[in-house]
Amino acid sequence: MQDTKSQPFSIDHLAPSIPDFYDDTTHAGAPQSVVSERNRSRTLWHLYRYGISSRAQIAKTLGLTPAAITKITARLIDADIVAETGDMKGSKSRRSIGLIINTAQFHFIGVKFARSLVQIGVFDLKGTRLSLQDMPRVSDDTIDAAIAATHKAIDSLLASDPNIVAIGMAVPGPYLHGTGYAALVSSMPHWRNINFQEEFGRQCPVPVFIEQDARAGALAQRLFGELEDAGSLAYFLLGEGVGLGVIENGRLIYGNLGASTELGHVSIDAINGRKCECGNVGCLERYCSAGAIHEQIDELGIIDGSADMTHIEACRALFSLAEQQNDNQRIGKARKLVADIGRYVGYGCVIICNTFNPRRIVLGDIGALGGQRLLKIAQNVVDERIIPEIVQSTEITLSGLPTDAAVLGAAATAITQFLDHPSYFLAKRPPGNTK
Ligand SMILES: [Zn+2]
């Protein structure tokens, strides 16, 4: 482990991937230090997923020798990441001591940049929210002030909470990992001038990890969504932008520059569609992002005063109107618009199925507030437009996490790195700061 104390932290130090802790096939030929670190990570993932476990249980699941597990856990216990819980009940072996992760004493800041809104939350290792603050709303000409306010908020949190070990940030896609820039932020061109790595990664006393928002959302679903089969998962983000994060065999898909899975810029009407800032025509984002939905609400005059609302307020009002029991012209228009949005979401799901064939698609963020009404229409489109075997083997659900889970996704990016690369954080923890 190199001494990085005097160096600025950057995501470049770590591979932007998550381990499949069931995978025991990638060790051949790897240096011993890499194998050791990977086994430490797999041990942590096991404890994270299954809770209190004995050394024997971990060794059996991971296919490691008791001696190896003893060595791995000794290091984690020394660093106070893992603790012994005493004898486990019901154990048949002579003596079986339970191990558990000290989840409460590792805190993570999550920062969500969502075009017009910046949110900052603090979470523990298990995603329990300790605090959440909304920064003042951002317009395209107040981005510099928003960045300054974000720095100030982060500095204040770091000063008041010594248990914060890392910061995760979620930024709109396409986010180019190699450069640190978000390549396109629709209707907010000044965000494109911000190099997130330079701006936040340099001179920060804890490591900062930056991720495209939909990928961060996929990580949050994997960590906190209580899903089965989370190793094959597509998170379909329907927020201020439309995005997609795909986990395949336990790993996120990135592409060459980190700009893959940009579903929001896949065209659903390549000739007559609405023009998009990316250069394409008929991009999905122009039809079912919160901004696009808001535009349609305003055009149709469905909600009184909608022009003065934020996107999320306008969308909430629309979805709530569509659920009203009585009938009138406005409610009819609202239901028709929700049906249109549901179909667009369905077209997106068809593209996801045919491109990635995930086991599960999770609809998240503002669009998911459309609830079962929207989901049912999207599911009907999928049922009609893809082959039955894929329909039957793909589960489409609404996110079970709260709508502001986007900021949890930002934290999930840092938490995932913690579980992936524990030694990196062991080296970072200042002496005397282990309790
Ligand atoms: Zn586009």
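User: Let's start with α2 and α3. At what angle do they pack?
Analyst: Helix α2 (residues 55-62) and helix α3 (residues 66-78) pack at about 115°, and their axes are 9 Å apart. Axes here are lines fitted to C-alpha atoms, for helices over the stretch in contact, and angles run from 0 to 180 degrees between N-to-C directions. Helices (H or I, at least four residues) and strands (E, at least two) are DSSP runs, numbered from the N terminus.

User: Is the crossing of α2 past α3 left-handed or right-handed?
Analyst: Right-handed. A crossing is right-handed if the near helix is turned clockwise from the far one by less than a right angle, and left-handed if anticlockwise.

User: Which residues make that contact?
Analyst: From α2, R55, A56, I58 and A59; from α3, P66, I69, T70 and T73. Contact means C-beta atoms, placed from the backbone, within 7 Å.

User: Experimental or predicted, and how are residues numbered?
Analyst: This is a predicted model: local features need pLDDT of at least 70, side-chain atom pairs count only at pLDDT 80 or more, and totals for chains, interfaces and linings use all residues. Residues are numbered from 1 along each chain as its sequence is written.

User: Give me the overall picture. How many helices and strands?
Analyst: The protein has 14 helices and 15 strands. Of its 435 residues, 43% count as buried. Buried means 20 or more other C-beta atoms within 10 Å of the residue's own; exposed means 12 or fewer; partly exposed is in between; C-beta atoms are placed from the backbone. Among contacts between residues at least 6 apart in sequence, 63% join residues at least 24 apart.

User: Now the five-strand sheet. What is the strand order?
Analyst: β6-β5-β4-β7-β10, an open sheet with mixed pairing. The edge strands are β6 (129-134) and β10 (208-212), each pairing on one side only. Two strands count as paired if DSSP finds at least two bridges between them. Neighbouring strands of this sheet are turned by 15° against each other on average, direction ignored.

User: Which helices pack on it?
Analyst: Helix α4 (residues 143-160) touches β4 (107-114), β5, β6 and β7 (164-171), and its direction makes about 15° with that of β5. Helix α6 (residues 213-224) also packs on the sheet, touching β7 and β10, at about 105° to the direction of β10.

User: Zoom in on β5. How many of its residues are buried?
Analyst: Seven of eight, so to speak a mostly covered strand. β5 (residues 117-124) pairs with β6 in the antiparallel sense over five bridges. With β4, β5 is joined by eight bridges, again antiparallel.

User: Which residues face each other?
Analyst: K112 stands opposite Q119 in β5. In β6, the bridge partner of Q119 is D134. F123 stands opposite R129 in β6.

User: What about the turns?
Analyst: β4 and β5 form a hairpin with two residues between them, and R115 in that turn has a positive phi of about 60°. The β5 and β6 hairpin has four residues between the strands; there G127 has a positive phi of about 85°.

User: Switching to the three-strand sheet. What order is it in?
Analyst: β1-β3-β2, open and antiparallel. Its edge strands are β1 (53-54) and β2 (82-87), each pairing on one side only. Two bridges join β1 to β3 (residues 97-101). S53 has L99 in β3 as its bridge partner. Helix α1 (residues 32-50) lies across β1, β2 and β3, at about 90° to β3.

User: Next, α9. Which residues are buried there?
Analyst: H311, I312, A314, C315, L318, F319 and A322. Seen down the axis of α9, they fall within an arc of 160°, so they line one face of the helix. The arc is that of the directions from the helix axis to the C-beta atoms.

User: What do they pack against?
Analyst: α8 (290-300), α10 (329-356) and α11 (371-385).

User: How far apart are the ends of α9?
Analyst: The end C-alpha atoms are 17 Å apart. At 1.5 Å a residue, the 12 residues (311-322) should span 16 Å, which agrees. The expected span is 1.5 Å times one less than the number of residues.

User: Last one: where is R274?
Analyst: In the loop between β13 (251-252) and α7 (285-288). R274 is partly exposed, because 15 other C-beta atoms lie within 10 Å. R274 touches G282 and R286, not counting residues up to four places away in sequence.

Notes
Contact = placed C-beta atoms within 7 Å.
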